[in-house]
Amino acid sequence: MNIMDFNVKKLAADAGTFLSRAVQFTEEKLGQAEKTELDAHLENLLSKAECTKIWTEKIMKQTEVLLQPNPNARIEEFVYEKLDRKAPSRINNPELLGQYMIDAGTEFGPGTAYGNALIKCGETQKRIGTADRELIQTSALNFLTPLRNFIEGDYKTIAKERKLLQNKRLDLDAAKTRLKKAKAAETRNSSEQELRITQSEFDRQAEITRLLLEGISSTHAHHLRCLNDFVEAQMTYYAQCYQYMLDLQKQLGSFPSNYLSNNNQTSLTPVPSVLPNAIGSSAVASTSGLAITSPSNLSDLKECSGSRKARVLYDYDAANSTELSLLADEVITVFSVVGMDSDWLMGERGNQKGKVPITYLELLN
């Protein structure tokens, strides 16, 4: 027998098997043929595997949405992953917001209260962006990858063996049907031998499938460990963000209260805290002891020709040689100069002299 004859006979046998399975399946659906039922334990294992697959897919996809809300970015990452190429690094939303704030603060002037606050907020947003990037990387490695490996690996093997079991079951029931319909003794002997073979193959495939399905419990245990890793990554991320915002609030709390209050308010009201009470109390405490210079006092100083002592509220780095760098809590001498911008005074410390922003000062009596 040559190879071509062998292939033709194999194709004919495969076609016959496929037709026999199709007839058996159709007759079962129409209620015209009996169906061998799987044992209850195997059915439960199959149901557990299917349930695990469905919920793992949902959790995995929603976690991807949580970590990367931009659908276009997710599609791009998926394409690069399938091409086995590293996706290009992109700036995330907190980092982009932070950069905009820093650029705006720089243009408005680091010496102004608003410009300085923008820069501080921008730096904090960029730190949050870095923490966000670390959360995504850690979660992808320790949580998403194991879930995806189950869907694309273990479950595909289970589905393949389950399909084989279904085919072996159809072969078995088709053999049973042929045995019932057999009339002649020779035909019955052939049908009985076929039934023994198909029963053996079905039992063997059922055992293989059962062993694979029993591994689902191990899969659950592994995914539980991965879930713990995911929770720890989130805890680290939120703790970092909390600390960054706490530090930022303390920095902003050192600004004069008239700049932190609403623009339409004339009274010097404290800034309401947007964080928990424990955080708000620390920030309020940082400004509660300050006797903030009122705009009227500053106007009086601008109009008089004498000098006054002033306490520096917080650090200031001089932008150029015409300005004077300041250190928080130091006391300097300040006086007005005709023609100087209304937001500035001339400051003097020993032999050092230069312009200083009035919003950084507390006039002393």
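Q: What makes a stretch of residues a strand or a helix, and where is T322 found in those terms?
A: Strands are DSSP runs of E with at least two residues, and helices are runs of H or I with at least four, both numbered from the N terminus. In this predicted model, T322 is found in the loop between β1 (307-312) and β2 (331-335).

Q: Why is T322 called partly exposed?
A: The relative accessibility of T322 is 43%. Buried requires a value under 20% and exposed a value over 50%, so T322 counts as partly exposed.

Q: How do you know that the side chains of T322 and N320 are joined by a polar contact?
A: The distance is 2.4 Å between the two side chains, and the criterion is a pair of N or O atoms within 3.5 Å.

Q: Which residues does T322 touch beyond four places in sequence?
A: T322 touches G354 and K355.

Q: What makes D329 exposed, and what is noted about its phi?
A: D329 is also found in the loop between β1 and β2. Its relative accessible area is 58%, and the cut-off for exposed is over 50%; D329 is therefore exposed. The phi of D329 is positive, at about 80°, although D329 is not a glycine.

Q: Why are α2 and α5 called roughly antiparallel?
A: Helix α2 (residues 40-67) and helix α5 (residues 113-181) pack at an angle of about 150°, and their axes are 10 Å apart. Angles over 145 degrees count as roughly antiparallel, so α2 and α5 are roughly antiparallel to each other. Their contact has 15 nonpolar, 4 polar and 6 charged residues. The crossing of α2 and α5 is left-handed.

Q: What makes α5 and α7 roughly antiparallel?
A: The axes of α5 and helix α7 (residues 216-253) cross at roughly 175° and come within 9 Å. With the cut-off at over 145 degrees, α5 is therefore roughly antiparallel to α7. By class, this contact has 21 nonpolar, 10 polar and 6 charged residues.

Q: Why does S139 count as buried?
A: S139, which lies in helix α5, has a relative accessibility of 1%. Buried means under 20%, so S139 counts as buried. Leaving aside neighbours within four places in sequence, S139 is in contact with L67, L144, F230 and A233. The side chain of S139 also reaches the backbone oxygen of L135 at 2.8 Å.

Q: How do you know that Q205 is buried, and what does its side chain contact?
A: Q205 lies in helix α6. Its relative accessible area is 6%, against a limit of under 20%; Q205 is therefore buried. The side chain of Q205 makes a polar contact with the side chain of E161 at 2.7 Å, where the limit is 3.5 Å.

Q: Where is L195, and which residues does L195 touch?
A: L195 has its place in helix α6 (residues 185-213). Not counting residues up to four places away in sequence, L195 touches L172, A175, K176 and L179. The C-alpha atoms of L195 and A174 are separated by 8.8 Å, and these residues are 21 apart along the chain.

Notes
Residues are numbered from 1 along each chain as its sequence is written. This is a predicted model: local features need pLDDT of at least 70, side-chain atom pairs count only at pLDDT 80 or more; totals for chains, interfaces and linings use all residues. Side-chain values use heavy atoms; hydrogens and water are left out. Axes are lines fitted to C-alpha atoms, for helices over the stretch in contact, and angles run from 0 to 180 degrees between N-to-C directions. Angles under 35 degrees count as roughly parallel, over 145 as roughly antiparallel, 65 to 115 as roughly perpendicular and the rest as oblique. A crossing is left-handed if the near helix is turned anticlockwise from the far one by less than a right angle, and right-handed if clockwise. Ala, Val, Leu, Ile, Met, Phe, Trp, Tyr, Cys and Pro count as nonpolar, Asp, Glu, Lys and Arg as charged, and the others, Gly among them, as polar. Buried means under 20% relative accessible area, exposed over 50%, partly exposed in between (1.4 Å probe, protein chains only). A polar contact is a pair of N or O atoms within 3.5 Å; within protein, one must be able to donate a hydrogen and the other to accept it, and residues adjacent in sequence count only if both atoms are side-chain atoms. Contact means heavy atoms within 4.5 Å.
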